[in-house]
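Visitor: I would like to learn how to read a model like this one. Please walk me through it.

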Amino acid sequence: MKTLYFTLGLLLLTACCCNAMPHGVNEIAPVRCCFKFYTGGIRQAEIINIIKTHSSCREKGFVVSTAKGHEICVSLNLKWAQRAFNQQQPIKN
């Protein structure tokens, strides 16, 4: 029983503290929207993936997935985030 309560508590804590949350119940695919933005830097080696928030989100930004499994929202204006985003995009012919 303690394990069940611990698991439920951990789930609630994760849902409350996550910066990048799925948005919209009727969406076909989950949409990432940001509500709080990290203003520091993230080393390139720690970045696994970086995506832009969905166009329907009120606040625009990047969602950075890190090697430690975190999803962190950052501003579109950060130069390091723009470089990381552009470097991962496939080259179009």
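**Reading salt bridges and burial**

Guide: Start with Glu46, which is partly exposed at a relative accessible area of 21%. Keep in mind that this is a predicted model.

Visitor: Which side chain does Glu46 meet in a salt bridge?

Guide: That of Arg43, at 3.2 Å from N to O. Arg43 has 57% relative accessibility, so Arg43 counts as exposed, the cut-off being over 50%.

Visitor: How many salt bridges does a search of the whole structure find?

Guide: The search finds 2. One of them joins the side chains of Glu71 and Arg32, at 3.5 Å from N to O. This pair links distant parts of the chain, 39 residues apart. Glu71 lies in strand β5 (residues 71-74) and Arg32 in strand β2 (residues 31-34).

Visitor: Is Arg32 buried, partly exposed or exposed?

Guide: Partly exposed, with a relative accessible area of 25%. Glu71 is partly exposed as well, at 26%.

Visitor: Where is Thr53 placed?

Guide: In the loop between β3 (47-52) and β4 (62-66). Its relative accessibility is 9%, so Thr53 counts as buried, the limit being under 20%. Beyond four places in sequence, Thr53 touches Arg32, Cys33, Cys34, Glu59, Lys60, Gly61 and Val63.

Visitor: Where does pLDDT stay under 50?

Guide: Over residues 4-18, where the model has 1 contact beyond four places in sequence. Residues 21-28 also stay under 50, with 11 such contacts. The protein chain averages a pLDDT of 75, and 62% of the residues score at least 70.

Terms used: Residues numbered from 1 in each chain as written. Predicted model: local features only at pLDDT ≥ 70, side-chain atom pairs only at ≥ 80, totals over all residues. Heavy atoms only, no water. pLDDT = per-residue confidence, 0-100. Contact = heavy atoms within 4.5 Å. Helix = DSSP H or I, 4+ residues; strand = E, 2+ residues; numbered from the N terminus. Buried < 20%, exposed > 50% of the residue type's maximum accessible area, 1.4 Å probe, protein only. Salt bridge = Lys/Arg side-chain N within 4 Å of Asp/Glu carboxyl O.
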